[in-house]
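My notes follow in the order I looked things up.

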Amino acid sequence: MTKYALTVAVNAAVDTSYIFDGFAVGEIHTVAELQRVAGGKANNVARVLKLLGAPVVATGFAGGGAGAFIRQDLERHGIAAEYEEIPGESRTCLAMVDRAGGTLTEVREKGPTVPPEAAEAFLGRFERLLDGARVVVISGSLPPGIGPEFYGMLVERARARGVFTVLDTSGAALKAALGAGPDLVKPNRDELSGFLGTSDVTDPLAAARSMMAAGARAVAVSLGKEGLVYIGPEGTWRVKPPAVDAVNTVGSGDSLVAGFTAGLLRGLAVPEALRLGVACGTANALTKGVASPRAEDIERILGQVVVE
Ligand SMILES: Nc1ncnc2c1ncn2[C@@H]1O[C@H](COP(=O)(O)OP(=O)(O)OP(=O)(O)O)[C@@H](O)[C@H]1O
Ligand SMILES: [Mg+2]
């Protein structure tokens, strides 16, 4: 059987976007347009992987009616959902987009606390799912009840089975997981400066090296419209996308991770997988949706990405 990419969303959410033609605090509004998808960054990655034709299984914690929606929405996209049930309702994250005023207001629930029994059961499920996996993508924040050591535990288990691990998270969860030796870490500038404890990152490559000194095997720093810099055992590359008129870059990092992962599954060498990742990130910037690049944009941009 072909091996799949396994995406891990421990803090999955129902991502709801309310689009308004004018929005003011304290007023009653009728929603002009509504979008609702299985969210959490790892589920964004899963959808883009699917678009790229990669076999993908999505896991994490889900609870209640909201959890049922998360599973169904993934299945509707052709993604196998292998979630661990938790008590309570999975969280909803609300984005209120005022297309007249050009503002975005976000409201994020914390979500239910994951009980220790569910965390334990999840680890067993994760081990079983690793059997069919080629790459594991661990993206996003941790829910209440799960400590910062959790991602390191997942990385260790994956590495013990020779499954490639991609990690995209921030803060304490990121710091604590590096010692387990993730195969690729994908910070953006903010995540890097959080890691370094500095207000800005002047030298992304030097910052990536300090992440490797902390245990990462390779680091791809995403730099928005400037593309990315990669440092790993195979070499160092700068990857630059063409200049585009960006519409919405939210989820570009998730699209990048999906493109790189799909590249690995296709057996591409690292620079070519990075090229596909950057093309996906940039293609996502061209659409209104979150992590919703169009296949034809990816194809066109791929030929314009410079890898050096
Ligand atoms: N304005 C832009 N123009 C062209 N490409 C972009 C732009 N913004 C992002 N990209 C592409 O997307 C990739 C990832 O972007 P970015 O560094 O913004 O990720 P991120 O901050 O992790 O995003 P998110 O966490 O919202 O998914 C970049 O490497 C680049 O290829
Ligand atoms: Mg990101």
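I started with Leu94 and looked for its bridge partner in S7; that partner is Val107. I worked on a predicted model, so I kept in mind that local features need pLDDT of at least 70.

Next I looked up the strand around this pair. Strand S6 covers residues 91–98 and runs antiparallel to S7. I noted 6 bridges between S6 and S7.

Then I asked which order the strands take in the sheet. I read S3-S2-S6-S7, an open sheet of 4 strands with mixed pairing. At the edges I found strand S3 (33–39) and strand S7 (103–108), each pairing on one side only.

Helix H2, residues 64–76, lies across strand S2 (13–20) and S3. I took its direction against S3 and got about 90°.

My second stop was Asn44, which I placed in helix H1, residues 41–51. Is Asn44 buried or exposed? I found a relative accessible area of 5% for Asn44. The cut-off for buried is under 20%, so Asn44 counts as buried.

What does Asn44 touch, once neighbours within four places in sequence are left aside? I listed Asp254, Val290 and Ala291 as its contacts. I looked again at Asp254: its side chain makes a polar contact of 2.9 Å with the side chain of Asn44.

Technical notes. Residues are numbered from 1 along each chain as its sequence is written. Chains are lettered from A and ligands numbered from 1 in the order in which they are written. This is a predicted model: local features need pLDDT of at least 70, side-chain atom pairs count only at pLDDT 80 or more; totals for chains, interfaces and linings use all residues. Side-chain values use heavy atoms; hydrogens and water are left out. Two strands pair if DSSP finds at least two bridges between them. Helices (H or I, at least four residues) and strands (E, at least two) are DSSP runs, numbered from the N terminus. Contact means heavy atoms within 4.5 Å. Axes are lines fitted to C-alpha atoms, for helices over the stretch in contact, and angles run from 0 to 180 degrees between N-to-C directions. Buried means under 20% relative accessible area, exposed over 50%, partly exposed in between (1.4 Å probe, protein chains only). A polar contact is a pair of N or O atoms within 3.5 Å; within protein, one must be able to donate a hydrogen and the other to accept it, and residues adjacent in sequence count only if both atoms are side-chain atoms.
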